[in-house]
Amino acid sequence: MAILIFGASGFLGGKLIEHYTRAKKKAVGTYSKSKKQGLVKFDLENPDLKSLNSSMKGMSLKDFSHAVICSSVTEMDLCKTEPEKTYAINVTGTKKLISQLFDSGIIPVFISTDYVFDGSRGNYSEEDERKPVLAYGKQKKEVEDYLMGSGKNYLLVRSAKLYDVTGDDKVITGLARELKAGKQLSMATDQIFSPTYVSDVCCAIEILIDRNITGCYHVCSDKAISRYELAMIVKKELGIKEGGVKPCSIKELKFEDERPLNTSMNNKRFKELTGFKFTALKEALGKQRTERMMLQ
Amino acid sequence: MKFLIIGASGFIGSSTLEYLKSQGFEALGTQSSSKIPGLVEYDIQKHSIKKQVPAGFFKDKDVYCLICVAASKIDYCYQYKKESHAINVESTIKLIDELKSLGATPIFISSSTVFDGKTGYYNEKSKTNPICEYGRQKLEVEEYLLKKVPGSVIIRLDKVLGDLPYYNHLLAEMFRLIQAGKTVECFQGCILSPTYVKDVSKAVLLCSQKKLSGLFHISNSEFFTREELARQFGMALGFETKIISKPMEEFQLLDKRPMKSYFDGSKFVKATGMRFTSMHSVFDEFKKKMNLGPEEAKK
């Protein structure tokens, strides 16, 4: 069976379709605004799942077992400043899409966020109480609630900040670029999270789908670190001499929507179920990963 | 005739280099990072092989190059598809192209994972159908060689093991468990052709001496289930062995493995007259060496 990927022009969706192509498994991706070759147009504001039957060449909805919903407005401050517009996509449209997927017998795989937690203590497990403080987290929680109350099979993947080590990611490459330009960056020591290698998340989604697992899983790296630590690791591992990193508090950085402090998550359930080993940040940045692979 | 062993710090590479030298052949080995004296540094992702070996190395006729280097862990290949593909396919093909242009004959090590393991007893004509990423990558290189490099040799191996308790191979793994009084856990329903690593080295030499080309299954004609291999091995060592078998799903593996991966190796035997070492003899060798230190055992 093939999978559908909603939002395949975005960061995770793009990597996921690449991952599936590499594994020689069938996947069809959609875009809504940023047109991309090979992807099918799909408007999440007015979702019409059946329309895909005519826009996909040689395939129909019954060829798909799962649909991964990566499409959403992920700019957190925008969810605060433009609540209605973002709600229409992130909640109303997404819920409609999920309901249509249920009707077509396709299992929705919803990508949620660590921001459904309030960040007061960190190390959150799947069952912990969700009390989002960000508008973005509140929107995601509403879709989660909808899934949990549906009585249907679904897969809910909560992930954290995702990064890649090449090309188009903001977390590592963006940071490295700014440092190389000689910038002095203020990084919060009190904002703790579990930055996760995007390729691990793609792999995790593949495993969950292939084994037909349903329910809620935290798919994030093992180690919780602060923004400041992240920047220091990147600077050191990539050997960047230029620029500087200065510790600060998240409160000193002005965001439209105030960020929760410690949203780190516990990935035990997923790891115990599958035996998966997450890539550590240092490993992703360095050569160790290849060396670990080559050991015979 | 001379030999270049790419990846001579690994299990098969080091055994083959040693064997060829012991038979009086000129043989050079490469390594990527671990520092073993006497090996040439060569990183398959970075270097040109011609620039790494001594000048004029490829001027001779009949240079055979055994390609042992690979990201060979099945689950790593699954988790890091892109990175492993870069090593196992893209860089390997680049090396093959370079060898071709230098007039050397590549001997590529492939694997029983190109099969799905449903029927077992595979010969060279059996239909391939890899069920894991590693197998797909191996098959991609096989297909490239068959199409683009006539004269090259592909040797498919199933389970290769040795007689030393220090390397990472199936017998050494089992030995550590048996010795510690722990239970050996086996994949239920797996059937494999355990083949002595020194036989693989001999087979590499035979491929070049007999000027073979194309696809060969290099395999002992004996085959065992995992449980039976563990039981026989334990008995030969004189240990009481606790064995249980569990379905593969209970092992928390990321990617799939073929269940019946054992080979019909008669094509190679017919072509060369090679006699494979029985597992009994391998167990006996292992027993002689199991109480020796790493240096003594190697002698």
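In helix H6 of chain A, A:Val171, A:Ile172, A:Leu175 and A:Leu179 meet A:Leu230, A:Ala231, A:Val234 and A:Lys235 of H8(A), contact meaning heavy atoms within 4.5 Å. The residues of this contact divide into seven nonpolar, no polar and one charged (Ala, Val, Leu, Ile, Met, Phe, Trp, Tyr, Cys and Pro count as nonpolar, Asp, Glu, Lys and Arg as charged, and the others, Gly among them, as polar). The axes of H6(A) (residues 170-180) and H8(A) (residues 227-237) come within 10 Å and cross at roughly 70°; the two helices are therefore roughly perpendicular (65 to 115 degrees).

The model is predicted, with local features requiring pLDDT of at least 70 and side-chain atom pairs pLDDT 80 or more, whereas totals for chains, interfaces and linings use all residues. Residues are numbered from 1 along each chain as its sequence is written, chains are lettered from A and ligands numbered from 1 in the order in which they are written, and side-chain values use heavy atoms, without hydrogens and water. The predictor assigns the complex an ipTM of 0.76 and a pTM of 0.86. Chain B averages a pLDDT (per-residue confidence, from 0 to 100) of 94, and 98% of the residues score at least 70.

Methods:
pLDDT is the predictor's confidence in each residue, from 0 to 100. Axes are lines fitted to C-alpha atoms, for helices over the stretch in contact, and angles run from 0 to 180 degrees between N-to-C directions. Helices (H or I, at least four residues) and strands (E, at least two) are DSSP runs, numbered from the N terminus. Angles under 35 degrees count as roughly parallel, over 145 as roughly antiparallel, 65 to 115 as roughly perpendicular and the rest as oblique.
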